[in-house]
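Let's work through some charged pairs together. Have the sequence and the model open, and try each exercise before reading its solution.

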Amino acid sequence: MTELIEAIKTGEKSQVEALLQGNADVNQKDADGLTALTAAAESGNLELVQLLLNAGAEAKNADNDGWTALMSAAGSGKVEVVEALIAAGADINGQSEFGVTALITAAGNGHGDVVQCLIDRGADIRAKDRNNWTALVWAAEEGHPKIVDLIKQARDRT
């Protein structure tokens with residue numbers, strides 16, 4: 001784990017700022033390909049996400065399995081972080097090595113506001129993971145009927 005990722009995980013803004021001012025590589029990856037931006041997105045800390053983006057963090061970076069900051073934000077249920085990452089150029093339909101998308105992650109975790117945000121911004125509701133499961137299937141299997149209805153309404157509009 002990089003020093004910057006450690007600072008992000010502790011939520012120490014002043015330490016993150018000091019590292020960035022000391023020319024820490026904002027896009028440096030650890031052995032698993034994790035970046036500070038993905039760690040910040042997973043924590044749902046919009047302030048740290050914005051700090052990293054302003055320092056040049058690449059919103060499209062993925063770890064060794066293709067997991068992105070947007071997928072982490074979608075899984076954490078923080079719609080404002082999702083919106084910031086999309087605005088910074090994150091690939092809304094990017095897929096991990098397992099075929100998982102940000103929409104699938106949000107739907108499977110029951111985050112309706114994130115699901116709506118992603119759909120409104122053009123997420124592919126028909127994308128399938130390696131098991132051929134869509135966000136709709138994930139929402140149904142994980143017991144999120146309101147998400148199922150939301151995705152069905154979007155499907156019916158297309």
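**Exercise 1.** Which side chain meets Arg-121 in a salt bridge?

*Solution.* Start with the ground rules: this is a predicted model, where local features need pLDDT of at least 70 and side-chain atom pairs count only at pLDDT 80 or more, while totals for chains, interfaces and linings use all residues. Residues are numbered from 1 along each chain as its sequence is written, and side-chain values use heavy atoms, leaving out hydrogens and water.

Next, apply the criterion: a salt bridge is a side-chain nitrogen of Lys or Arg within 4 Å of a carboxyl oxygen of Asp or Glu. The partner is Glu-83, at 3.4 Å from N to O. Now place the two: Arg-121 sits in the loop between α8 (112–120) and α9 (135–141), and Glu-83 in helix α6 (residues 79–87), so the pair links distant parts of the chain, 38 residues apart. Helices here are DSSP runs (H or I, at least four residues), numbered from the N terminus.

**Exercise 2.** Find where Lys-13 and Glu-17 lie, and how far apart their closest N and O atoms are.

*Solution.* Both residues lie in helix α2 (residues 13–21), four residues apart, about one turn of the helix.

**Exercise 3.** Is Asp-156 buried or exposed?

*Solution.* First, the cut-offs: buried means under 20% relative accessible area, exposed over 50%, and partly exposed in between (1.4 Å probe, protein chains only). Asp-156 has 58%, so Asp-156 is exposed. Its salt-bridge partner is Arg-155, at 3.6 Å between the closest N and O atoms; Arg-155, at 32%, counts as partly exposed.
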